[in-house]
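Please consult the sequence and coordinates below while reading.

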Amino acid sequence: MLSALYQTAFGEAWASDQLAQLLAGTGVFALIGLDAAGEPAGYALCRVAVDEAELLSIALLPDHRRRGGGRLLLDALIERCAAAGAATLFLEVAIDNAAALALYRRAGFREVGRRKGYYKVGAAVIDALVMKRELAPD
């Protein structure tokens with residue numbers, strides 16, 4: 001299911017066996033967001049290691065965007081990371097992804113670095129911002 005959500009959200013495949021291997025790793029988890037009908041509408045994928053967490057990927061299906069679902073998924077992920085003992089949550093986001101940048105900034109993330117040429121989209125090479133948010137203890 002996660003592979004299909006990823007492909008619909010991003011238009012490219014992430015092999016099911018690669019996702020299964022990733023999810024089998026220590027501290028890795030996925031959250032699936034459901035719509036009002038109980039159908040999958042998006043996901044968030046994260047890894048927690050000791051007191052740090054990394055948001056690996058988050059997306060909503062195109063028909064579910066701009067309705068607050070991304071913030072709900074992000075808030076649930078933040079809560080789960082804090083409950084797992086993470087004090088800090090990191091992520092990378094393309095510098096041209098205005099919607100994601102707005103979501104992360106509203107959620108309290110701040111820029112802490114930049115990865116040159118991190119994303120390759122066709123012939124384009126796009127930098128990523130590294131963002132960080134401190135998590136409140138339980």
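## Cysteines

The sulfur of Cys-46 has its closest cysteine sulfur in Cys-81, at 3.4 Å, which is too far for a bond. A disulfide is counted where a pair of cysteine sulfur atoms lies within 2.5 Å, and by this rule the count comes to zero. In general, a disulfide is a covalent bond between the sulfur atoms of two cysteines. Cys-46 is buried, with a relative accessible area of 0%, and Cys-81 likewise counts as buried at 0%. Here, buried means under 20% relative accessible area, exposed means over 50%, and partly exposed lies in between, with a 1.4 Å probe and protein chains only.

The model is predicted: local features need pLDDT of at least 70 and side-chain atom pairs count only at pLDDT 80 or more, while totals for chains, interfaces and linings use all residues. Residues are numbered from 1 along each chain as its sequence is written, and side-chain values use heavy atoms, with hydrogens and water left out.

## Salt bridges

How many salt bridges does a search of the whole structure find? The search finds six, each defined as a side-chain nitrogen of Lys or Arg within 4 Å of a carboxyl oxygen of Asp or Glu. One of them joins the side chains of Asp-75 and Arg-71, at 2.8 Å from N to O. Both residues belong to helix α3 (residues 69-83), where they are four residues apart, about one turn of the helix. Helices (H or I, at least four residues) and strands (E, at least two) are DSSP runs, numbered from the N terminus. Asp-75 is partly exposed at 31% relative accessibility, and Arg-71 is partly exposed at 30%.

Another salt bridge is formed by the side chains of Glu-92 and Arg-115, with an N to O distance of 2.9 Å. This pair links distant parts of the chain, 23 residues apart: Glu-92 is in strand β4 (residues 88-94) and Arg-115 in strand β5 (residues 110-121). Glu-92 is buried, with a relative accessible area of 15%, whereas Arg-115 is partly exposed at 38%. Between Glu-111 and Arg-105, which also form a salt bridge, the closest N and O atoms are 2.3 Å apart. Glu-111 counts as partly exposed at 40% relative accessibility, as does Arg-105 with a relative accessible area of 44%.

## Strand pairing

Two strands pair if DSSP finds at least two bridges between them. Strand β4 is joined to strand β6 (residues 124-134) by seven bridges, and the two run antiparallel. Ala-94 stands opposite Ala-128 in β6.

Strands β5 and β6 are also antiparallel and are joined by eight bridges. Lys-120 is found opposite Val-125 in β6. A hairpin is formed by β5 and β6 with two residues between them, and Gly-122 in the turn has a positive phi of about 60°.

## Aromatic rings

Rings of Phe, Tyr and Trp (its six-membered ring) pair if their centres lie within 6.5 Å; planes under 30 degrees apart count as stacked, over 60 as edge-to-face and the rest as tilted. By this rule the count comes to two aromatic pairs. The ring centres of Tyr-104 and Phe-109 are 5.7 Å apart and the planes stand at 65°, so this pair is edge-to-face. Both Tyr-104 and Phe-109 are buried. The rings of Tyr-118 and Tyr-119 are likewise edge-to-face, because their centres are 5.0 Å apart and their planes are at 90°. Tyr-118 is partly exposed at 39% relative accessibility, and Tyr-119 is partly exposed at 26%.

Which residue has its charged end over the ring of Phe-29? Arg-80 does, with its charged end 4.1 Å from the ring centre. A charge sits over a ring if NZ of Lys or CZ of Arg is within 6 Å of the ring centre and within 35 degrees of the ring normal.

## Helix α2

Gln-18 is located in helix α2 (residues 16-23) and counts as partly exposed at 45% relative accessibility. Gln-18 and Ser-3 are 15 residues apart along the chain, and their C-alpha atoms are separated by 9.3 Å.
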